[in-house]
Amino acid sequence: MPEPKVASFPAIRGALKFYQIASIITGVMLLLLLAEMVLKYTPIHLELFLGGSGGPLWFAGVIAGADCQWWSLFAPWTNSCEMTSLGDGFNLSLFILVAHGWFYVVYLFACFRMWSLMRWPFPRFILLALGGVVPLLSFFMETVVAREVKTYLATREAAEAPATGSGTDVSKEGVR
């Protein structure tokens, strides 16, 4: 696997910062989405609203349709279960869902940029991408990737730097 060129190190540092920010935002949004899904799809059946008849920030009930079984909310290919929200105002639960989706696209771009600049193997990109869909993984990956990239850059820069002394180094032949 080819190594990154020294000339691309500034771009790698910028990509790392972008990846770190995108990773944290995506991780927080994923945790909010997970909380929203637990509130909505478990027997609690609540959604979070901003404004409306319940006040500035409130939970409204969600009614599961007559054809909904407890397992149909979690099993694949059972989309016939309709959920009806009783809230009015701005649906923050829906906003969290959409915002996480868009932040995940930005996160994927950050992962791709980091992966391509570092010239990592493709399975590493898949692992980075999973950070946006597996709860808490983006926080761990952000820490591991940042440490690994910073160490790699520092090691390569130290190896590339010419071995220069303090300027007072005089050879033995020159001193009598």
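**Terms and values**

Author: Val-38 is partly exposed, with a relative accessible area of 41%. This is a predicted model, in which local features need pLDDT of at least 70 and side-chain atom pairs pLDDT 80 or more, while totals for chains, interfaces and linings use all residues. Residues are numbered from 1 along each chain as its sequence is written, and side-chain values use heavy atoms, with hydrogens and water left out.

Reader: Why is Val-38 called partly exposed?

Author: Buried means under 20% relative accessible area, exposed over 50%, and partly exposed in between (1.4 Å probe, protein chains only). The 41% of Val-38 lies between these limits, so the residue is partly exposed.

Reader: Where is Val-38 found?

Author: Val-38 is found in helix 1; helices (H or I, at least four residues) and strands (E, at least two) are DSSP runs, numbered from the N terminus.

Reader: What makes Arg-119 partly exposed?

Author: Its relative accessible area is 30%, so Arg-119 falls into the partly exposed class. Arg-119 lies in the loop between helix 2 (92-118) and helix 3 (122-130), and its phi is near 60°, a positive value in a residue other than glycine.

Reader: How do you know that strand 1 and strand 2 pair?

Author: Two strands pair if DSSP finds at least two bridges between them. Strand 1 (residues 46-50) and strand 2 (residues 57-64) have five bridges in the antiparallel sense, so they pair.

Reader: Why do strand 3 and strand 4 stand at the edges?

Author: The open sheet of four strands has the order 3-2-1-4. Strand 3 (83-85) and strand 4 (90-91) each have a single partner strand, so one side of each is left without a neighbour in the sheet.
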